[in-house]
Amino acid sequence: MHFKYLENIFNKKVRENCEKYEKIYFDCLKNNFDKKEYCQSEFHDLKLCVHQFCKEWKKKYKNYNLKIEEKI
């Protein structure tokens with residue numbers, strides 16, 4: 001399987017899985033004049049979602065020796 005194809009699938013799936021947390025976080029920023037310190041719990045939830053997704057992804061594709069960077 002091509003790595004570019006896997007990358008595209010990964011990007012799509014992580015967005016699908018964590019979309020609600022991303023929306024909550026951006027809504028919080030919008031409602032608090034982009035003050036990140038007021039939205040730390042929402043950001044934490046988003047990071048946790050991405051982390052959990054990456055963990056499951058690594059387990060699913062463990063035979064491919066992939067390096068995944070969790071960037072938000």
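Start by selecting Phe10 in this predicted model: leaving aside residues up to four places away in sequence, Phe10 touches Phe53, Cys54, Trp57 and Ile68.

Now widen the selection to the largest nonpolar core, which has 16 residues. Phe10, Val14, Cys18, Val50 and Trp57 have the most contacts inside it. Helices H1 and H2 each supply at least two residues of this core, and the largest share, seven residues, comes from H1.

Next, show H1 on its own, residues 3-31. From first C-alpha to last, H1 reaches 39 Å, close to the 42 Å expected at 1.5 Å a residue. Look for a bend of about 60° at Cys18. Colour the buried residues of H1, among them Leu6, Tyr25 and Leu29; what covers the buried set includes helix H2 (40-60).

Time for the sulfurs. The whole structure holds two disulfides. Pick Cys18 and Cys49: their sulfur atoms sit 2.1 Å apart, and the S-S torsion is about -95°, so this disulfide is left-handed. The pair links helix H1 to helix H2, 31 residues apart. Cys18 counts as buried because its relative accessibility is 4%, under the 20% cut-off.

Then hop to Cys28 and Cys39, the other disulfide, also 2.1 Å from S to S. Cys28 lies in H1 and Cys39 in the loop between H1 and H2, so parts eleven residues apart in sequence are tied together. Both cysteines are buried.

Last stop: Cys54, which is in no disulfide. The nearest cysteine sulfur, that of Cys18, is 8.2 Å away. Cys54 is buried too, with a relative accessible area of 1%.

Terms used. Residues numbered from 1 in each chain as written. Predicted model: local features only at pLDDT ≥ 70, side-chain atom pairs only at ≥ 80, totals over all residues. Heavy atoms only, no water. Helix = DSSP H or I, 4+ residues; strand = E, 2+ residues; numbered from the N terminus. Expected span 1.5 Å × (residues − 1). Bend = angle between axes of the 7 residues up to and from the residue. Buried < 20%, exposed > 50% of the residue type's maximum accessible area, 1.4 Å probe, protein only. Contact = heavy atoms within 4.5 Å. Core = buried A, V, L, I, M, F, W, Y, C linked by side-chain atoms within 4.5 Å. Disulfide = S-S within 2.5 Å.
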